[in-house]
Amino acid sequence: MGAFLYGAALQWKLDIRSRAMLITCYVVPLLFFLLMGGIFTTVMPQMRETLIPSMIVMGVSMGALIGLPPSLAETYGSEIKKAYQANGVPLFAVLLTMCLSAFVHLMLLGIVILVLAPVLFDAALPKEPFRFLLALALFILVSLGMGSILGLTVQNQAKLTMLAQMIFLPSIMLSGIMFPMELLPKAFQGLGRIFPSSWGYRLMQEGGVCLGNLWYLLLVLVISGSVCAFLLKRRKPGQP
């Protein structure tokens with residue numbers, strides 16, 4: 001356990017130095033928050049009630065779907081994986097340390113938005129912070145599960161970036177964080193409900209922690225964990 005925590009702490013430090021993780025987990029989400037937070041609350045003052053969950057959904061989705069997969073693909077598709085194997089480190093432990101590191105970064109991002117939004121944009125704070133943080137943690141885990149599948153499946157960085165963007169953009173545009181889902185055509189509303197971002201957004205809203213919003217995220221978490229376990233099991237020592 002101590003070795004695992006040491007590896008997670010080391011990975012967290014490496015991620016801080018990673019330009020890709022820094023940009024996708026902090027720089028771009030916070031710039032988007034600072035820019036769009038002012039625009040949203042000026043054009044639609046009622047968005048102060050949902051500004052925090054909407055900005056967090058965007059930031060977490062970017063970090064998990066665009067930031068994590070390239071790091072996984074680089075690790076599992078290069079000599080780095082062989083170095084881990086030569087030292088007796090199980091492949092699943094590498095995935096867990098990278099996900100744990102990304103989880104901490106995305107939780108920090110969520111807390112920063114949670115603290116700054118009321119100060120900068122008079123956004124409404126959650127009335128039950130503990131439930132809100134639990135909902136945030138679950139949404140991060142589900143998003144990291146999806147990002148892990150991408151990183152373990154696609155080794156080509158160019159294809160991976162394109163595929164990640166193809167999942168990220170509709171998950172944000174159709175999740176309801178930019179405008180109410182009721183304004184979309186019914187076909188787009190149904191498509192939006194496929195993405196966990198729409199469920200995470202509802203889960204983090206006031207009174208949103210309920211079985212009706214939890215079941216889909218829990219299902220996706222179990223499926224993504226099972227798929228990741230299957231993908232890692234298929235990898236033989238020395239296999240790219």
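Reader: In which helix is Leu116 found?

Author: This is a predicted model. A nonpolar surface patch includes Leu116 among its residues. The helix in which Leu116 is found is α5.

Reader: Does Leu116 count as buried, exposed or partly exposed, and why?

Author: Buried means under 20% relative accessible area and exposed means over 50%, with partly exposed in between. Leu116 has 32% relative accessibility, so Leu116 counts as partly exposed.

Reader: Which helix gives the largest share of the nonpolar patch?

Author: The patch covers about 880 Å², and among its residues are Leu22, Val27, Ile111 and Val119. Two helices, α2 (19-43) and α5 (91-121), each supply at least two of the patch residues. The largest share, six residues, comes from α5.

Reader: How many helices and strands does the protein have?

Author: Read from the N terminus on, the elements run α-α-α-α-α-α-α-α-α-α. The count is therefore ten helices and zero strands.

Reader: What part of the accessible surface belongs to carbon and sulfur atoms?

Author: Of the 240 residues in the protein, 47% are buried. The accessible surface of the protein comes to about 12100 Å². The part of this surface that belongs to carbon and sulfur atoms is 73%.

Reader: How far apart are the end C-alpha atoms of helix α7?

Author: Helix α7 holds 17 residues, numbered 157-173. At 1.5 Å a residue, α7 should span 24 Å. The end C-alpha atoms agree with this, as they are 24 Å apart.

Reader: Within what arc do the buried residues of α7 fall?

Author: The buried residues of α7 are Leu160, Ala164, Phe168, Ser171 and Ile172. Seen down the axis of α7, they line one face of the helix, because they fall within an arc of 90°.

Reader: Which helices do the buried residues of α7 pack against?

Author: Ala158, Lys159, Met162 and Met166 are exposed on the other side of α7. The buried residues, Phe168 being one of them, pack against α3 (51-76), α6 (129-153) and α9 (196-204).

Reader: Is Thr50 buried or exposed?

Author: Thr50 is found in the loop between α2 and α3. The cut-off for buried is under 20% relative accessible area. Thr50 has 17% relative accessibility, so Thr50 counts as buried.

Reader: Which residues does Thr50 touch, not counting residues up to four places away in sequence?

Author: Among contacts in the protein between residues at least 6 apart in sequence, 76% join residues at least 24 apart. With residues up to four places away not counted, Thr50 touches Tyr201 and Gln205.

Note on methods:
Residues are numbered from 1 along each chain as its sequence is written. This is a predicted model: local features need pLDDT of at least 70, side-chain atom pairs count only at pLDDT 80 or more; totals for chains, interfaces and linings use all residues. Side-chain values use heavy atoms; hydrogens and water are left out. Patches are made of residues with over 30% relative accessible area and no salt bridge: like charges are joined within 9 Å, nonpolar side chains (Val, Leu, Ile, Met, Phe, Trp, Tyr) within 5 Å. Accessible areas come from the Shrake-Rupley method with a 1.4 Å probe; for residues, only the protein chains shown count as cover. A salt bridge is a side-chain nitrogen of Lys or Arg within 4 Å of a carboxyl oxygen of Asp or Glu. Helices (H or I, at least four residues) and strands (E, at least two) are DSSP runs, numbered from the N terminus. Buried means under 20% relative accessible area, exposed over 50%, partly exposed in between (1.4 Å probe, protein chains only). Contact means heavy atoms within 4.5 Å. The expected span of a helix is 1.5 Å times one less than its number of residues. The arc is that of the directions from the helix axis to the C-beta atoms.
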